[in-house]
Amino acid sequence: MTSMVDLLAAPGRQAAVLAETGHRPWPPPRGSWLMAQSWEDLLFAHWRVEAEALRPLVPDGLAVDEQDGSAWLGITPFLISGLRLRGTLPLPGVSSFPELNVRTYVTAEDKPGIWFFSLDTSSLLAVEAARRLYRLPYHHARMSLERRGGRIEVGSSRRDADRPHVFEASYGPAAEEPFEPQPGSLEHFLTERYCLYAHDRGRLFRADIHHLPWQIREARAEVGLNTMPPDGIVLAEEPPLCHIAERQDVVIWPLEELERADRTASGRGGKRLSV
């Protein structure tokens, strides 16, 4: 449970992330960001997946990124806190809730980002708002995420699904000190992404995201029931590659259609780097 002190401190922390932007592969947009939030107790659980298996599940215009000889499927449970629109304060009881993302990594026009296969959360308000504002595949779920004895216990079961979408896990840090993933490393490839992509009615969209460089630790995770991968994707039986992050403060810009976003960035002369 997020305390009132943390809730009141969140807006200042979130706005402060824009003081440091040199680590981004391209400049942040000139326009105003739309939404801020903080991510707490986040688990990055990653499995190797053949890129050929993922490509039919990703829209045209997005290239599936590969690192260390494969594409990667990520499942990331975490707690959202301090959720707010620009110019407003987070509201107790509304601005904090657990979320579970299933994702892979893609690039369009030299901007590496995230493609979400699904996003599950216990907040029906967040589901409806995100579907409208960001055209993302959000789903309402029965979900809990709790700290217990130095570990995080998470359970999620999607409501009204055509098949079971369930995830159960227990995770915690396996190392004392956090580290910052370095460019070229697998950890950097899996975490340092500064945009998300969405697709709706044949149109491709992008939204810029900004945060400070990730500080992560190696993690131990016990994954129980997991039926979250998209249809046709079978995960290897070997344990996933796991990292944990204590907190990340984030600001997010409005969604823009890809061609429009590209013209805007080109007009600024922004730097672009491929994965």
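Which residue in β10 is the bridge partner of Leu196? To find out, select Leu196 and follow its pairing into β10, where the partner is Ala207. What is open in the viewer is a predicted model, in which local features need pLDDT of at least 70 and side-chain atom pairs count only at pLDDT 80 or more, while totals for chains, interfaces and linings use all residues. Residues are numbered from 1 along each chain as its sequence is written, and side-chain values use heavy atoms, with hydrogens and water left out.

Next, select strand β9 (residues 195-200) together with β10, which run antiparallel and are joined by 6 bridges; strands here are DSSP runs (E, at least two residues) and helices likewise (H or I, at least four), numbered from the N terminus, and two strands pair if DSSP finds at least two bridges between them. The two strands form a hairpin with 2 residues between them, and Arg201 in the turn has a positive phi of about 55°.

Stay with β10 (residues 203-210) and pick Arg206, which lies in this strand. Arg206 counts as buried because its relative accessibility is 2%, where buried means under 20% relative accessible area, exposed over 50%, and partly exposed in between (1.4 Å probe, protein chains only). Its side chain is joined to that of Tyr197 by a polar contact of 3.2 Å, that is, a pair of N or O atoms within 3.5 Å, of which, within protein, one must be able to donate a hydrogen and the other to accept it, with residues adjacent in sequence counting only if both atoms are side-chain atoms.

Strand β13 (residues 256-257) is joined to β10 by 2 bridges and runs antiparallel to it, with Glu257 as the bridge partner of Phe205. Also antiparallel is the pairing of β10 with β12 over 2 bridges, in which Ile209 has Ile252 as its bridge partner.

Now move to Pro229, in the loop between β11 (217-226) and β12 (241-252). Pro229 counts as buried, at 9% relative accessibility, and, leaving aside neighbours within four places in sequence, Pro229 is in contact (heavy atoms within 4.5 Å) with Leu73, Arg163 and Leu235.
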